[in-house]
Amino acid sequence: MLIAATLAIFVTMILAIFRGIVGPTLYDRILAVNMFGTKTVLLISLLGFVMGRPEFLDIAIVYALINFISVIGVLRYSDTNQFKHTPDENESVEKEL
């Protein structure tokens, strides 16, 4: 049963990596990174249970907090106009003149 759960988590992690690479928008990529981090927390927790090491749960909680804070930070940064703005050809010509 635990082997099946571990394999399912690995499959979803691979799908998250695929979504992060292929994702058509920035927000799809951010969501994929967040999902990958969540599945990593589940994997650490599962390994801690299998190995009989309850301190792995502390590591998983810390990793979850780091994942949450980093995703919020990236979303805050991506909300600025500087991150979204892509200059077109007319703007680059105007700046040179």
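## Salt bridges

R19 forms a salt bridge with D28, with 3.8 Å between the closest N and O atoms; the term means a side-chain nitrogen of Lys or Arg within 4 Å of a carboxyl oxygen of Asp or Glu. R19 is partly exposed at 39% relative accessibility, and D28 is partly exposed at 21%. Here buried means under 20% relative accessible area, exposed means over 50%, and partly exposed lies in between (1.4 Å probe, protein chains only).

A search of the whole structure finds two salt bridges. R53 and E55 also meet through their side chains in a salt bridge, at 2.6 Å from N to O. R53 has a relative accessible area of 37% and is partly exposed; E55, at 35%, is partly exposed.

## Basis of the values

The model is predicted, so local features need pLDDT of at least 70 and side-chain atom pairs count only at pLDDT 80 or more, while totals for chains, interfaces and linings use all residues. Residues are numbered from 1 along each chain as its sequence is written, and side-chain values use heavy atoms, with hydrogens and water left out.

## Helices α1 and α2

Helix α1 (residues 2-22) packs against α2 at an angle of about 160°, and their axes are 8 Å apart. Helices are DSSP runs of H or I with at least four residues, numbered from the N terminus. Axes are lines fitted to C-alpha atoms over the stretch in contact, and angles run from 0 to 180 degrees between N-to-C directions. α1 and α2 are therefore roughly antiparallel to each other, a label for angles over 145 degrees.

The contact of α1 with α2 holds 17 nonpolar, four polar and four charged residues. Nonpolar covers Ala, Val, Leu, Ile, Met, Phe, Trp, Tyr, Cys and Pro; charged covers Asp, Glu, Lys and Arg; the others, Gly among them, are polar. α1 passes α2 in a left-handed crossing (the near helix is turned anticlockwise from the far one by less than a right angle).

## Helices α2 and α3

The axes of α2 (residues 26-51) and α3 (residues 55-78) come within 9 Å and cross at roughly 175°. That makes α2 roughly antiparallel to α3. The contact of α2 with α3 has 17 nonpolar, eight polar and no charged residues.

The 24 residues of α3 should span 34 Å at 1.5 Å a residue, which agrees with the 35 Å between its end C-alpha atoms; the expected span is 1.5 Å times one less than the number of residues. The buried residues of α3 are F56, A60, N67, V71 and S78.

Definitions and conventions:
Helices (H or I, at least four residues) and strands (E, at least two) are DSSP runs, numbered from the N terminus. Angles under 35 degrees count as roughly parallel, over 145 as roughly antiparallel, 65 to 115 as roughly perpendicular and the rest as oblique.
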